[in-house]
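Hi,

Here is the structure we talked about handing over. Please have a look at it, then read on for the notes below.

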Amino acid sequence: QRGDQLQVTVKGEVVRKQDMRIEFGGKKSKCFEFLKMADFDAVTDGVINVVGPTFAEVPAQGAMDMGIVVEVAGRKMQKDFEPVLERQIHHFVNGASGIQHIGQRDIAWIRIGNAAADKGFDLKHFGEILIARFKADFGAIVDKVQVTVYTEQAQVDGWLETARVAYQERNVRLADMTDESVDVFYSCTLCQSFAPTHVCVVSPQRLGLCGAYNWLDCKASF
């Protein structure tokens with residue numbers, strides 16, 4: 001930010017406080033995002049539910065709690081892919097004009113700008129973005145996606161506890177993985193744009209040199 005000019009960062013759009021309609025997370029509220037694999041018949045593809053009030057009654061530049069729960073099902077979906085797909089929520093939401101997304105898991109911070117709100121952007125549109133992008137980018141492993149946005153306090157608190165248990169289980173799972181525990185490693189050529197002859201071999205205990213992909217990321221991408 002220089003003076004009154006708005007700069008666009010590498011990671012996405014910046015919504016200044018004076019240009020903000022509403023925020024979720026940050027210092028004044030809670031915001032989390034949680035993606036979970038579900039049984040095929042338990043997911044209704046394309047369904048978006050908003051449980052609780054929208055931000056229509058919240059004063060401009062105010063804040064409210066929110067949780068985004070994404071349920072996915074697919075014939076090739078695996079439990080290990082949950083954190084890989086969940087991290088994509090940042091990129092997908094941040095791509096929307098007038099929306100700022102920072103962080104992940106239970107430290108997500110989302111702002112909706114006045115310009116986006118004036119054009120009709122609402123909570124349901126988070127679901128529309130996520131469903132479209134997950135099916136477009138991960139169609140090989142995701143067949144069905146449904147999204148629920150929670151703003152009702154009891155639901156936010158309940159799902160947040162559920163999500164934190166899952167986050168911890170994932171941390172333990174990844175920490176316990178060793179090179180000897182798997183029989184497949186993956187190659188990555190992400191850096192060949194500047195190192196044309198280089199190939200990284202990624203294993204559970206060894207990331208690629210750039211650190212952008214771990215073994216589970218490579219498995220899901222493959």
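**Helix α1 and the sheet**

The buried residues of α1 make their packing contacts with β2, β5, β6 (99-102), α3, α4 (153-176) and α5 (215-221). Bear in mind that this is a predicted model.

Which residues of α1 are buried? They are E82, P83, V84, L85, E86, I89, H90, F92, V93 and N94. That is 10 of the 13 residues in α1, so the helix is mostly covered, with buried meaning under 20% relative accessible area. Helix α1 spans residues 82-94 and lies across β2 and β5. Its direction is at about 140° to β2.

Now the sheet. It is open and has 4 strands, in the order β2-β5-β8-β3, with mixed pairing. Strands β2 (31-37) and β3 (48-51) are the edges, and each of them pairs on one side only. From one strand to the next, the twist averages 15°.

How do β5 and β8 pair, parallel or antiparallel? The sense is antiparallel, over 7 bridges. The strands involved are residues 66-73 for β5 and residues 144-150 for β8.

Best wishes

Technical notes. Residues are numbered from 1 along each chain as its sequence is written. This is a predicted model: local features need pLDDT of at least 70, side-chain atom pairs count only at pLDDT 80 or more; totals for chains, interfaces and linings use all residues. Side-chain values use heavy atoms; hydrogens and water are left out. Two strands pair if DSSP finds at least two bridges between them. Helices (H or I, at least four residues) and strands (E, at least two) are DSSP runs, numbered from the N terminus. Axes are lines fitted to C-alpha atoms, for helices over the stretch in contact, and angles run from 0 to 180 degrees between N-to-C directions. Contact means heavy atoms within 4.5 Å. Buried means under 20% relative accessible area, exposed over 50%, partly exposed in between (1.4 Å probe, protein chains only).
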